[in-house]
Amino acid sequence: MRRFSLRVRLLLITAGLLLAGLSLISALLSEHLERYQLDRIDGQLQSFTDLVSRASPRVPLELDAAGELFGPALDLLGAPYLVYLDAEGQVDQDLRSAGLDDDTLPTLDELRTVPTDGEVVGLPGADGAERWRAAARPTHGRDGTVIAAAPLAESQATIDALRRSSVLSGGVLLVLLTAVGWLALGRGLGPLRQIEHTAAAIAGGDLTRRVPDLAPPETEIGHLGGSLNTMLGQLEQAFADRAASETRMRDFVWDVSHELRTPLFGIKGSTELYQMGALPDRADVDDAMRRINREATRLAALTEDLLVLAQLDEAPEQLDRTPMDLRTLASDGRLDVRALDATRAVELTGPGGDGPAGPSPVRADEARLRQVVTNLVGNAVAHTPPGTPVRIGVGTAGGRAVLEVADEGPGMSAEQAERAFDRFYRADRSRNRHVVGQGGAGAGLGLAIVRSIARAHGGDVELATGLGEGACFRLTLPLSGADRA
């Protein structure tokens, strides 16, 4: 069966069940008709023997004349063979239908076995092929027995005719229903073939294919199609995420290689100049050592930032959380801005610039959040002209702790803002990388670290900006009470 198609297997099963049902119905009908015929014959025989046994005995009739006169009447009464037995069990007289043959009649020995209480029994014919039903009653007025018998040939012929017609009509019906079933199964399995074609197309690489609406959603085919489309959507998204991840990994490796190559080349170049004797003066050697130290510092900062990102990616929940207030970090951030550029005006306000700074209690890793504020402050100083005012807002808004670092610089375009938190992304790659305090050593990792730390705390960081409108980085974290809940 496994080598056949589903359509063929279903058709064979259906045809088999149909054949079994037709056979069972035919057998039940035949049995019912046979029982009905026997009951009818038995009833006629019992009634006839009871009637004849009560009649007064007559003078024996001439057999030929009796047969010619009473033969049709015996057929109508359902007892074509009537026998009188005397007290010794010998045939006194008998009457029969004209159509009966002597070779088919029951023998005298068989007739003597018929009980005289009116019970109907079966008897074989003299030729062994005919079957009879017989009933007997004792006669009134003289000693003897009257026996009425009827052959089952006509009844059996009726039953055989029914069986033949049942087989013929059942065969025709089976062929017709099988043909109809073949067509119906073809239409019913059509949706499965469409699903098969869709799966084959997806296996061939077309991940955009979907199963069409083949049936109402409440049906089995509808449920199957909906489930498959959901699964296919997830698969397509998984492949897209995988491709995007591979692309990001390639870009990451390329950026890391590029960022590492620049300081390494600087260090290597300075050492080669020294080895070649191209630094004869002490001042030249000191200058080369300063360049080497600067590039080594960049390498150390870049390595440290990469390690921070790797730790946050692998285990973001491993934080040393303690109760604290973001106002402390905001105050330290204001001092950091003045230390980086004393010409800048720094304002400490509430969220959105409304009112004074307010309390902002959180349960967080203070060292990590200091790194966030340092990176945001360094970013504001690095990407705005000297003297540009900076605002640091702190407090609560919408049931969250908020810390903002806003500037009035040139801002960013929508495309730049969308990628601002990507690793190794810099809106202006020609910008000086040696800004003191800027996270990521100018490599474009500072904002990526900010977002990773924020999300590790159950919060996030948002950017509101526009060309010529400045930039506002908004850090939101759960309040300490909400965090404990």
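**Reading burial, ring pairs and a pocket**

Tutor: Let us begin with one side chain in this predicted model. Trp132 has a relative accessibility of 1%, so Trp132 counts as buried.

Student: Which value places Tyr81 in a class, and is Tyr81 buried or exposed?

Tutor: Buried means under 20% relative accessible area. Tyr81 stands at 6% and therefore counts as buried. In the protein chain of 485 residues, buried residues make up 36%.

Student: How many aromatic pairs does a search of the whole structure find?

Tutor: Two aromatic pairs are found. Tyr81 and Trp132 form an edge-to-face pair, with 6.1 Å centre to centre and 65 degrees between the planes. This pair links distant parts of the chain, with Tyr81 in strand 1 and Trp132 in strand 4, 51 residues apart.

Student: Why is the pair of Phe421 and Phe473 classed as edge-to-face?

Tutor: Planes over 60 degrees apart count as edge-to-face. The planes of Phe421 and Phe473 lie at 85 degrees, with ring centres 6.1 Å apart, so the pair falls in that class. Phe421 lies in the loop between helix 10 and helix 11 and Phe473 in strand 12, so the pair ties together parts that are 52 residues apart in sequence. Both Phe421 and Phe473 are buried.

Student: What lines the largest pocket?

Tutor: The lining has 22 residues, and Phe421 is among those nearest the centre, as are Arg248, Phe252, Asp422 and Arg423. Helix 6 gives the most, with seven residues. By class, ten lining residues are nonpolar, two polar and ten charged. The space in this pocket is about 640 Å³.

Note on methods. Residues numbered from 1 in each chain as written. Predicted model: local features only at pLDDT ≥ 70, side-chain atom pairs only at ≥ 80, totals over all residues. Heavy atoms only, no water. 1 Å grid on protein atoms, 1.4 Å probe; cavity = no way out; pocket = protein on both sides within 12 Å on 5 of 7 lines; lining within 4 Å. Points joined across faces, edges and corners; volume = space filled by probe spheres on them. Helix = DSSP H or I, 4+ residues; strand = E, 2+ residues; numbered from the N terminus. Nonpolar A, V, L, I, M, F, W, Y, C, P; charged D, E, K, R; others polar. Buried < 20%, exposed > 50% of the residue type's maximum accessible area, 1.4 Å probe, protein only. Phe/Tyr/Trp six-rings, centres within 6.5 Å; stacked < 30°, edge-to-face > 60°.
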